[in-house]
Amino acid sequence: MVKKRSPIAQQALDFYLQQAQQIAQTSQNPFLSKVRQQAQERFVEQAFPTAKDEDWKYSKLSGFLAQHFSQQGISQPVANWQAWMPSFPVIKLVWVDGHFCETLSDELSQLPAGVLLESFADALQANTELGGLFANQDTVLAEPFASLNSMLFQDGMVLEVAANVTLSLPIFVLHLQTQPLHHSVLRQRVSVGENAEVTLIERYVSLQSQGAGCVNVVTEIELGKHARVQQILLQEQNRDSFYFNNQFIYQAEASQFTTFYGAIGSQLSRHQNHLFMDGEQIENQQNSACIGLGAQTVDSRTCTHHNQAKGFSRQLHKFVLEDQAIGVFDGMIRVDQQAQKTDGQMDNKNLLLSDFAKMNTKPKLEIYADDVKCSHGSASGQIDKNQIFYLQARGIHKADALRMITQAFLLEPAEVVRQEPIRRWVMERLALALQQTHLP
Amino acid sequence: MAEAKQMIDLTPAQSEYEEINQILQKKFNYREGFETKTHVETFEKGINEQVVRAISAKKNEPQWMLDFRLKAFAHWQTMREPHWAKAKYAPLDYQDYSYYSAPECGNCAGSCGTDDAQAIDPEVAKAFAALGVPIGDNDANVAVDAIFDSISVSTTKREELAKYGIIFCSFSEAVQEHPELVQKYMGTVVPYYDNYFAALNSAVASDGTFVYVPPGVRCPMDLSTYFRINEAKTGQFERTILVAEKGSYVSYLEGCSAPVRDTYQLHAAVVEVIVHEDAEVKYSTVQNWYPGDENCEGGILNFVTKRGICEGRNAKLSWTQAETGSAITWKYPSCILKGDNSIGEFYSVALTNRRQQADTGTKMIHIGKNTRSTIISKGLSAGKSDNTYRGEVKILASAEGARNFTQCDSMLIGDQCGAHTFPYIEVENATAQIEHEATTSRIGEDQLFYCQQRGISEQDAISMIVNGFCKEVFSELPLEFAQEAEELLAISLEGSVG
């Protein structure tokens, strides 16, 4: 069935299809052509979702569709990249406008043994056999923006960590947008071998403080048995920009996965985890802290598939919304019939600082096994007057009290970050963002 | 509820668990499954404008009612059957149902006097007697409207109620005798274009109950409606309107059942409740439609739109439901909290067994200031069934100081079933305080062990635990209804464990 499309949606669709065709012409590899072709077919079918699509009811695309984002263009020189770097030691990798920037990144040949890192473009060039890079394409194409990504992507990251390797330094991935109306379409694939351990930090920023750019990311993370992965993602683009990220995480037996998403920037940002627990005794934690100011729409969503027994999942998602910001949380815990002894918990707490802000929450459970412990909780409201009073009674100024409470509220999900310096850095970023609120 | 009474009479000294045990031992499955054979007038299968006109003519309806039906029918034809609920079924063939069926001597709606109880077809009377519904004016302190297929056959205690100015009659009668009230309220809460099944109902509405409680009156007894679908391949499309004027109070109960059939039967009702300033309405349902055979073939498809509006300040509307029957349930009793300080409540126990599919919940729409709502939903799934809670809490920007508390608990009995929770929470006002909690669990082995250790059989222990799980909701039901609900639960659970 062909969906009804508005003229604007149709124009945007035609524009991106045309871009896809241009890219397809340059492609040499028949396998890749097939991947793109398939994605294109799916995307035409799916088209851009509208408010009538259940999953897109609250995140409106009209702002995105009104502008056409192109992958062409000349990147601005990046002068002050140090400003975006954290103070603790990391392995630094930089992408500028969606393309890997060798000059700004650390020397790849210096990477610790057992770590293979290359840009996605290089991986496409180097390999004739690409099946491994697109093994889960059927799952990926279920999301319209992932289909769009699959037909347009040109670069990204491939990271492989061999079995039993523990990376002591975190890998820091900086994505810079330097030009307005630019489309960075990124494909990231991370596979972590058995019993290996890695911390991955991703940061999305715009060089300009104004002008819309767009980032569309598909990230796939595969964890081998007993592997441990920690992911920290900060989205700090300017408030005109757009951010779409579909993460697909596949966990094998007894692996541990932790992800933290901090949403600060973008006009419309939508971050989704699709997490598949394909082995027994898997643990994971998915947290997010989202700030919405002005006319921002902040969408954070998770879909956790408990497919095998004895899985353990925890989630905490917090939103602070001001002005006319719209917050969207959508979480699904799906427990398969086989996944007995599952323990799943999902919490969503929201603080509304203005009468015009809106919060839409859908914490969902879909359960087919009987011996499970699953729960979700959600609460929305303003700051408890008693809490303010309590602090005031202890001699704290009201303005400070408000700020303290708001900050303490928002930072809680970041406590999941294990390493102290990284945690402190993440919390500083969030606290800084909170200073832009109208709190006295 | 009279059955419940009988149970009490027969076993005065026995405890709750012994009773449930007795019922379990009887091993009967759906005791309301008998069929009544009487002379009935049933329309040919199919739906078209002629049928709509014929139903209206049969009921001797005024022009405005026919216009309403035709408008709804025209709109219905432009709509598509919704399939978003978490229930799988083949699209229905609406031409394969008959849209009107009535026992022959009871179809004189409007011309019957208040003594219509005497004019009831004896077979129909027998059916209601077997179901334990008191359709004669007897001592039971409850007024009953008994509906058999497309028409209301009896409404008791009307004279007594009339003394208070309370109108309690069938919907068809209300159309004849109180057209101004029906016209004023019909379609105001659930407009004919609201959804697919509401539109269908508006077009072919059979019968239903009309209740009007005048200002300041506290209804002295419970009002009750019993719905019975008898004819095969007949749809029942009742329309119920309940109006509580300023400062009044009424408690309304409904029950339902249908004979055992081998094809799906359709039940698409619309209930509209209007609660004015300072008034309170308590609306309780024990739904026990035929769930079908082992595979839920032939059960009732229960697609119902129930909605109430708290129009004035301090109005209160409370929905309580015990859902055990139907092959598929698709039902969301809702509250529009328009008046300041108004209160909406929803208490629900939904039990599914075999291959039953229930997608039920509520909508609380907060418009007025300081409106409060409470949702307590208990879902039990057994066998190969799917039980879904789907609910929406919406706080509009105008709802300063609104409060909502939601608790959805699911229990799974067996590993072939599913329990799902899909809440939608939309908050547009910062002063609102919204809390939502949901848990899923099963009957713990240690709980069972603990009971068995104390000499309670496994079956009894399960009944105890299940009843304890549902207590919060059952305590909201009127006493006799609560009893009936507990029994139903026990029967419906039969064979799901052990």
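**Figure 1. Salt bridge between A:E366 and B:K86 in the predicted model.** The side chains of A:E366 and B:K86 form a salt bridge, with an N to O distance of 3.1 Å. Between chain B and chain A, the count is 2 salt bridges.

**Figure 2. The side of chain B that touches chain A.** Strands β23 (418–427) and β24 (433–442) of chain B each contribute at least two residues to this side. Its composition by class is 12 nonpolar, 12 polar and 10 charged residues. The contact draws on 34 residues from chain B and 36 residues from chain A. Together, chain B and chain A bury about 2,700 Å², of which 46% is on carbon and sulfur atoms.

**Figure 3. Antiparallel pairing of β18 of chain A with β23(B).** Strand β18 of chain A, residues 358–367, pairs with β23(B) over 6 bridges. Within β23(B), B:A419 is the bridge partner of A:I367.

Figure 4. Neighbours within four places in sequence aside, A:S375 contacts A:I333, A:G344, A:Q345 and A:M346 in chain A, and B:A438 and B:T439 in chain B. A:D343 is 32 residues from A:S375 in sequence, with a C-alpha to C-alpha distance of 8.6 Å.

Methods. Residues numbered from 1 in each chain as written. Chains lettered and ligands numbered in written order. Predicted model: local features only at pLDDT ≥ 70, side-chain atom pairs only at ≥ 80, totals over all residues. Heavy atoms only, no water. Contact = heavy atoms within 4.5 Å. Buried area = accessible area lost by both parts, 1.4 Å probe. Salt bridge = Lys/Arg side-chain N within 4 Å of Asp/Glu carboxyl O. Helix = DSSP H or I, 4+ residues; strand = E, 2+ residues; numbered from the N terminus. Nonpolar A, V, L, I, M, F, W, Y, C, P; charged D, E, K, R; others polar. Pairing = 2+ DSSP bridges.
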